[in-house]
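Morning, everyone. I have one model to walk through today. Please bring it up on the screen.

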Amino acid sequence: MIYDLVFYFIAGLTCLFALCTVLARNVFHSAIALALTLLSIAGVYFYLEAEFLAIAQVLVYVGAIIILFVFAIMLTAKIEDASIRQTNEQVLASAFAAVSFLALLIVGISSYSWPGVRKDLQVLTIKELGKSLITVYVLPFEFISLILLASLVGAIVIAKVRKS
């Protein structure tokens, strides 16, 4: 009973923060609401006892992607200028598209025959996952780190103010 209430509370917070992300007039406030949305999704992962996913969610999405968004917002000149329109006049078309997509999702999910829970699944611990990352998957892991490093250097070069 209490576990259901905790889940619904976290899910409600996720929906509330996601709605704030979409409806915020200020881009910076929208980025902060997105960070809170991603944090509450990590809360759902913790609730479902998927600790690694929750920690990865916080580190990758909240710790890196949102910081990247905030830097992009701060580096964009005149983002809050009054001459830049902050509204969208395609409300009816976007509402129609959203309702159509929701109807498609409801029909697709309700028509699928969901299999029962499998009891023969192997449980993978965080220790085993970490060990496989530094033994079996060390080359792809390091390759991804090089790609991230190159993108960071590229972002610094692009953001650097050139002196004439």
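Predicted model: local features only at pLDDT ≥ 70, side-chain atom pairs only at ≥ 80, totals over all residues.

Start with the first pair. Helix α1 covers residues 2–23, and helix α2 covers residues 27–47. Their axes are 8 Å apart, and the packing angle is about 160°. Over 145 degrees counts as roughly antiparallel, so that is how α1 and α2 run relative to each other. The crossing of α1 past α2 is left-handed.

Who makes the contact? From α1, the residues include Y3, V6, F7, I10, L13 and F17. From α2, they include A33, L34, L36, I41, V44 and Y47. By class, this contact of α1 with α2 has 14 nonpolar residues, six polar and one charged.

Next pair: α2 and α3. Here the angle is about 175°, and the axes are again 8 Å apart. So α2 and α3 are roughly antiparallel too. On the α2 side, look for V27, F28, L38, L39, Y45 and F46, among others. On the α3 side, the partners include L53, I55, V58, Y61, F69 and I73. The class count for α2 with α3 is 21 nonpolar, one polar and one charged.

How big is the largest pocket? Its volume is about 860 Å³. The lining has 26 residues, and V60, A64, I65, L148 and S151 are the closest to the centre. Which elements give two or more residues to that lining? They are α3, residues 51–75, and α6, residues 138–159. What about charge? The lining has no charged residues: 24 are nonpolar and two are polar.

That's my tour. Over to you.

Notes
Residues numbered from 1 in each chain as written. Heavy atoms only, no water. Axes fitted to C-alpha atoms, helices over the stretch in contact; angles between N-to-C directions. Helix = DSSP H or I, 4+ residues; strand = E, 2+ residues; numbered from the N terminus. Parallel < 35°, antiparallel > 145°, perpendicular 65-115°, else oblique. Left-handed = near helix turned anticlockwise from the far one by under 90°. Contact = heavy atoms within 4.5 Å. Nonpolar A, V, L, I, M, F, W, Y, C, P; charged D, E, K, R; others polar. 1 Å grid on protein atoms, 1.4 Å probe; cavity = no way out; pocket = protein on both sides within 12 Å on 5 of 7 lines; lining within 4 Å. Points joined across faces, edges and corners; volume = space filled by probe spheres on them.
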